[in-house]
Amino acid sequence: MTVLPLIFTSGLASGINAYAVVLLLGLLGRFADTDSVPQALERTDVLIVAGLLFTLEAVADKIPYVDSVWDVVHTVIRPIAGATVGVLIASNDPGSLSEVAAGAMGGTSALVSHLVKASLRMAVNTSPEPASNIVVSMTEDLSVAGLVTLAIFHPWLAATAAAVVLAIGLLLVWLAISKIRAFRARRRERRAARAAGGAQAATRGRLADRLGTRE
């Protein structure tokens, strides 16, 4: 199953930036003369469309809150892209892995990495400045480029690196969720304390009014 690590890595990378994966695989297949890239991805029309969509995503992905809207739209697109690339890779090497299994692996890894990416980007959007979005987006693009290129020449090493990246991403999501829950809990406590203080003040005011009336 020599295509398994390539399918896993390309699927995971598709969950981050599907258009970059298609574009890079197509360019590497055409100019690096690699047999593992399906010819369908090397077609000129595919490369042009992938290049245009990649450029559009490169802009949208660096604008706060626009990136999160873009992620919502691509919740379906990225897993489908990961599954499609997986099927194409498997069909390019008959007998290595069934197309159904390849599609399931590519689509699942893309969906998981997409959810991690989308969650982290929503957390980043809570920062008041836009620089963090640009830095995170560029880091994601470079990671995709590195993983896909490495997957072509050293697939098992790339799959290991992709698994580590996914594990780190899941850990960061867990930490972000924990911080958000802690922040919300503190905010509820402050609101409850203010409400209790207001109720006590109102009670004292009513008592004072009653005493004043009796006098």
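User: How many helices and how many strands does the protein chain have?
Analyst: Happy to start there. This is a predicted model, and its chain reads α-α-α-α-α-α along the sequence. The count for the protein chain is zero strands and six helices.

User: How are helix α3 and helix α4 oriented, roughly parallel or roughly antiparallel?
Analyst: Helix α3 covers residues 66–92 and helix α4 covers residues 99–124, and their axes lie 7 Å apart. The packing angle is about 155°, and angles over 145 degrees count as roughly antiparallel. Therefore α3 relative to α4 is roughly antiparallel.

User: Which residues make up the contact of α3 with α4, by nonpolar, polar and charged class?
Analyst: In this pair, α3 passes α4 in a right-handed crossing. The contact residues divide into nine nonpolar, ten polar and six charged.

User: What distance separates the end C-alpha atoms of helix α5, and what span should its 23 residues have?
Analyst: Helix α5 runs over residues 131–153. At 1.5 Å a residue, its 23 residues should span 33 Å. That agrees with the model, because the end C-alpha atoms are apart by 34 Å.

User: What percentage of the residues of the protein chain count as buried?
Analyst: A residue is buried at under 20% relative accessible area. Of the chain's 215 residues, the buried share is 38%.

Methods
Residues numbered from 1 in each chain as written. Predicted model: local features only at pLDDT ≥ 70, side-chain atom pairs only at ≥ 80, totals over all residues. Heavy atoms only, no water. Axes fitted to C-alpha atoms, helices over the stretch in contact; angles between N-to-C directions. Helix = DSSP H or I, 4+ residues; strand = E, 2+ residues; numbered from the N terminus. Parallel < 35°, antiparallel > 145°, perpendicular 65-115°, else oblique. Left-handed = near helix turned anticlockwise from the far one by under 90°. Nonpolar A, V, L, I, M, F, W, Y, C, P; charged D, E, K, R; others polar. Expected span 1.5 Å × (residues − 1). Buried < 20%, exposed > 50% of the residue type's maximum accessible area, 1.4 Å probe, protein only.
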